[in-house]
Amino acid sequence: MGFEQAWLTYTKKTDYSDAGEIRIIYADVKDELVRNSVSELQRALKAFYGKEPILQPDSENKNNGSGKIESIRLVLSEGRKAEGYLLTGKNGEIIIEASDSKGILYGVFDLIRRMQREEPLENLEVLKEPGMPLRMLNHWDNMDGSIERGYSGESFFFKNNEVLVDDRTVTYARLMASIGINGVVINNVNVKDSATYLITDRYSDKLKAMSEIFGGYGIKLFLSLNYAAPVELGELDGADPLSEEVRRWWKDRMKIVFDAIPNLGGFLIKADSEGRPGPFTYGRTHADGANMLAEAVRPYGGLIIWRCFVYNCRQDWRDRKTDRARSGYDNFIGLDGQFHDNVILQIKNGPMDFQVREPVHPLFGALMKTNQMLEVQAAQEYTGQQRHVCYLIPMFKEVLSFRTYMQKEMDTVGDIVSGKAFHQKNCGMAAVANTGNDENWTGHDLAAANLYGFGRLAFEPELSAEEIAGEWIRITYGRDEQTERTLLFILMNSWPAYEKYTSPLGIGWMVNPGFHYGPNVDGYEYDRWGTYHRADHLGIGVDRSHEGTGYALLYHEPNASAYDDKEKCPEELLLFFHHIPYTWQLKTGKTVIQHIYDTHFEGVEIVDEMVSRFEKLHGKLPEKVYERVTARLAHQKEHSREWRDQINSYFYRKSGIPDEKGRKIY
Ligand code: GCV
């Protein structure tokens with residue numbers, strides 16, 4: 001078994017005998033979503049119990065009260081929130097009630113999850129409403145089939161500049177629907193070459209077909225857009241957002257696009273960032289650019305998701321005043337309140353770029369009158385590239401629970417992006433996807449926990465990282481205590497371990513430039529990207545206090561004062577905010593340099609423990625999965641030593657201060 005169905009691998013339940021012969025009753029519900037809900041149930045029930053359920057497309061209740069599950073009734077009724085559902089189980093009858101077919105679909109997948117986990121279904125009463133309106137995946141897939149920051153093979157959306165629509169599209173849509181994803185951007189935000197033509201008739205038939213498959217699973221198809229499309233398609237000389245000609249061009253273009261692909265959700269745009277074109281070329285603002293596009297898609301209910309990842313990528317490393325961390329804030333804060341209501345600003349979780357540890361982006365809590373989405377990265381660009389295990393849900397949870405103090409209550413990032421803080425409906429969470437055409441979707445089998453976990457978290461933000469991991473383990477690999485304990489240990493320790501053996505105290509960026517894998521302390525130090533550690537023989541860290549770049553003061557109190565003050569700064573971010581001597585004493589009583597040495601040894605020890613625990617799962621997991629994970633863990637074990645030794649040796653040589661414990665440092 002290759003795990004191409006990932007967590008939707010339905011296996012026979014041997015000791016789960018709650019069910020007898022089951023009827024699926026789906027009176028008065030007939031659209032594609034409900035048809036898919038019914039067939040998903042059929043598929044699961046058949047696999048669990050070895051026999052076909054009976055389909056009964058009418059409302060007559062044949063339940064005889066034997067105490068076993070006899071019917072599953074799907075009911076559309078008024079009164080529930082959009083996409084929400086009520087799942088009840090009583091006297092052998094399970095009812096999924098929802099106000100829309102998406103709610104039915106999500107309720108069905110919830111029920112299947114419970115069955116996969118062999119949970120009791122009698123006397124069940126669960127009401128669920130999604131915690132975030134938009135729960136999106138952003139694929140960075142290129143039309144030649146490559147994937148920017150892809151670590152799981154090639155694209156399954158594109159190949160040789162063609163759009164692919166096949167069985168994998170359907171399996172993908174099923175998987176995503178099962179975790180509540182309702183929007184998917186299929187192409188890279190760096191839109192070039194053929195991808196610019198995704199808004200022409202060259203690709204519209206295939207895109208329409210894909211959007212219909214997605215639609216049957218409650219997912220809107222989105223595309224990334226090239227801001228300079230009118231120029232690059234050879235139709236206009238410029239793309240000034242205030243030019244009448246340009247505005248007309250986009251309106252006409254959007255009519256063509258939405259006529260051809262009526263299910264399209266809208267567009268994601270990376271503008272004036274890392275060489276991509278944008279309104280700055282014409283002396284205009286991001287609001288000018290975004291609003292022009294928003295007007296063009298408005299007649300079709302379209303959304304414009306505009307990224308805030310805007311910074312100067314041609315910085316001079318000698319310049320200590322310009323601070324990349326400030327740039328998102330500086331570029332957008334003055335525009336708060338100027339965006340149309342079908343524009344959403346998409347903000348990365350931190351101000352730099354998906355490092356293993358960053359503070360929360362200061363735009364959260366600063367923007368008060370603008371729709372906002374949180375962008376996280378499930379693709380492990382800087383967190384081990386799916387060769388190392390690094391379960392990121394604990395990090396995403398930390399971000400969501402961060403208090404911005406922008407108002408007395410409802411002030412966390414989660415409150416903002418769920419729409420609770422400002423009563424917005426165009427908001428939510430997006431993850432850069434970690435998938436590819438590898439049989440198991442995510443390269444590392446354990447990286448599927450990040451994909452699964454992201455969707456579950458966006459739907460139910462109150463779930464803990466541990467609950468999500470436990471759920472994923474059980475539905476993917478079945479009920480076995482040792483498997484659960486072991487995989488939970490590995491997942492829950494993986495982010496802390498990765499942080500320990502790579503990047504101390506929030507400093508980040510000590511990776512090989514370009515491909516971002518493996519240690520290289522000075523890799524980015526004398527470069528143009530604005531990503532420095534500023535280490536010398538006395539200390540390390542970037543002064544972002546009021547004496548330095550002033551970045552710390554972008555936050556509301558009490559965060560600003562805490563970040564600004566070396567003594568009060570949360571230590572996991574100390575070197576992000578301050579330049580600190582190696583001899584500085586941390587709250588543990590250790591010096592910074594000793595902390596660096598210790599954490600690097602500890603991180604490796606945790607990996608060793610993961611490896612030895614995992615070995616004991618032989619025979620408990622599908623052989624292929626066991627082999628794949630074993631191979632990746634072996635690499636991680638070796639590579640974590642490389643990290644440890646390079647980082648420790650670098651700082652030992654730089655500082656001249658020996659390890660108190662006399663361990664081998666080179
Ligand atoms: C898609 C980082 C990545 C780029 C990525 C960019 C972005 O710089 O390294 O590969 O481009 O972020 O988020 O736009």
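How much of the accessible surface of the chain belongs to carbon and sulfur atoms? I looked this up first. The accessible surface comes to about 24500 Å², and 48% of that belongs to carbon and sulfur atoms. I keep in mind that this is a predicted model.

**Entry: the whole chain**

I turned to the secondary structure next. I find 17 helices and 18 strands in the chain. The radius of gyration is 26 Å, close to the 26 Å that the globule rule gives for 666 residues, so the chain is as compact as a globular protein of that length. I also noted the extent of the C-alpha trace, which spans about 80 × 65 × 50 Å along its principal axes.

**Entry: burial and contacts**

I checked burial. Of the 666 residues, 62% count as buried. Residues 24 or more positions apart account for 72% of them.

**Entry: the ligand**

Which residues come nearest to the ligand? I list Glu148, Lys270, Arg307, Lys348 and Glu381, out of 14 residues around it.

For Glu148, an N or O atom of the side chain is 2.5 Å from a ligand oxygen. For Arg307, a polar side-chain atom lies 2.6 Å from an oxygen atom of the ligand. For Asp353, the distance from a polar side-chain atom to a ligand oxygen is 3.1 Å. The ligand taken alone exposes 340 Å², and the protein buries 96% of that.

Note on methods:
Residues numbered from 1 in each chain as written. Predicted model: local features only at pLDDT ≥ 70, side-chain atom pairs only at ≥ 80, totals over all residues. Heavy atoms only, no water. Near = heavy atom within 4 Å. Polar contact = N/O pair within 3.5 Å; in protein donor to acceptor, adjacent residues only side chain to side chain. Areas by Shrake-Rupley, 256 points an atom, 1.4 Å probe, with all protein chains shown as cover. Helix = DSSP H or I, 4+ residues; strand = E, 2+ residues; numbered from the N terminus. Rg over C-alpha atoms; globule rule 2.2 N^0.38 Å. Buried < 20%, exposed > 50% of the residue type's maximum accessible area, 1.4 Å probe, protein only. Contact = heavy atoms within 4.5 Å.
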